[in-house]
Amino acid sequence: MRTRVMGTTLAGCTALVLSLAPAHAASGPGHHTPAHAGSDLGRQTLAAGDGWASEGAGTTGGAAADAAHTHTVRTWAEFKAALAPGDGAPRIIRVVGTLNATEGGCEAFEADGYDFDRYLADYDPAVWGYDTPVSGPQEDLRAASAQAQGRAIKAYVPADTTIVGVGRGAGITGGSLQIRNVDNVIVRNLTVESPLDCFPQWDPTDGAKGAWNSEYDAMVVHGSTHVWIDHNTFTDGRFPDSSLPRHFGEIYQQHDGELDIVRGANHVTASWNVFADHDKTLMIGNSDSAAATDAGKLKVTLHHNLFTGVVERAPRVRFGQVDAYNNHYVVKKDQVPAYGYSFGIGFESRLYAEKNAFTLPEGIAAGKILKKWKEAPLTAVGNRVNGRPVDLIAAHNALNPDNPLRSGAGWIPELRTRVDDPRAVPGLVGGRAGAGKVC
């Protein structure tokens, strides 16, 4: 049973003093952390009314953890041990430095007999063609290698847990945080470098020319409720897509998403994060056929996040009532050929986009900000592009007269603590979003 804990959260910038000292033991059910506990990042809870994750009992994470359930970790092995199933008590995990989930390199996961050069030779389209999915010994060995990597890099977060980075240099590289089928989780102040899939699969039937498909999102919220993701930086880091090779004429894609919220996940707030230099960035709902789990759920708030240098999915939405306000979207000059869209309007979605700021270079029209995947109404009000007010739906429809979007999401967000003038958003978000900026 979740213990309700009182914390202290300031709008946009949280007062804290990071400490590695173990916390005092909670006194059992009904215990309330003293008000001054707001100075300890691990003890802070989501403010009342701060987005969908504040619904109902709100999101407190592991703020009630006693000393025995408060951990400081410096390695990936220590981190996974701190996450291991236990007695169900709230826990706080403080991350010091960068945890490397793939320290041994890709070779550590290779199944005996797997040979990438042999894989390329066997499935070269000149040999295999484009009509049939790949199969055979090397594909089997690739799949076994991928399974080994998955077991090593996936870290499963239990209910009633807070994960916080200590100071400005805390983060995870090569790992995939799995928040699956649990309630009440907080993740804050981490720089998360997207995991690099060592063994992407070649699918010759994907599109006209085939494609390399990868696994492993940096963070997945799957079937979980009351999740607060705050002041993190999601990035491809040392391995941007521009650094990846090409095989069979296609990019050897080793990245999947930065954050996926899927399969019945509900009541999630993502605030003051940076999503940087990535392709398929943030997906809310991953299948049009998932109504059994997703209909009436996928309620997500996105506010005061910076999306910079991302190609698409910021977010792409299916089913969910998504409240996106006061975010800053920056499209870089070198993205002009690659940029796809920011908001993807998908099956049964109900997006409410208000007072966001968009910085677009010459060559990117405001009509590209929205992309219609399926018929679904949305509300888009008070948004600005390069400092000027723009009706995003009208801009889309002018660019796509044969495939217009409908206005009117059919709901009005109520769970908000502050809404800033969109003219102030670039400065606010640029100065305060991301890891190391919780102050």
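This is a predicted model: local features need pLDDT of at least 70, side-chain atom pairs count only at pLDDT 80 or more; totals for chains, interfaces and linings use all residues.
The structure holds 23 aromatic pairs. Among them is the one between Tyr329 and Phe343, whose ring centres are 5.3 Å apart and whose planes stand at 70°, so that the pair is edge-to-face. Since Tyr329 belongs to strand β25 (residues 328-330) and Phe343 to strand β26 (residues 343-345), the pair ties together parts that are 14 residues apart in sequence.

## Tyr352 and Trp411

Another edge-to-face aromatic pair is formed by Tyr352 and Trp411, at 6.0 Å centre to centre and with 65° between the planes. Tyr352 lies in strand β27 (residues 350-354), while Trp411 is found in the loop between α6 (392-399) and α7 (425-432), so this pair ties together parts that are 59 residues apart in sequence.

Tyr352 is buried, with a relative accessible area of 10%, and Trp411 also counts as buried, at 12% relative accessibility.

## Charges over rings

Aromatic rings also meet charged side chains in this model: the charged end of Lys371 sits over the ring of Trp373, at 4.7 Å from its centre, and Arg416 lies over the face of Tyr325, 4.3 Å from the ring centre.

Terms used
Residues are numbered from 1 along each chain as its sequence is written. Side-chain values use heavy atoms; hydrogens and water are left out. Rings of Phe, Tyr and Trp (its six-membered ring) pair if their centres lie within 6.5 Å; planes under 30 degrees apart count as stacked, over 60 as edge-to-face and the rest as tilted. Helices (H or I, at least four residues) and strands (E, at least two) are DSSP runs, numbered from the N terminus. Buried means under 20% relative accessible area, exposed over 50%, partly exposed in between (1.4 Å probe, protein chains only). A charge sits over a ring if NZ of Lys or CZ of Arg is within 6 Å of the ring centre and within 35 degrees of the ring normal.
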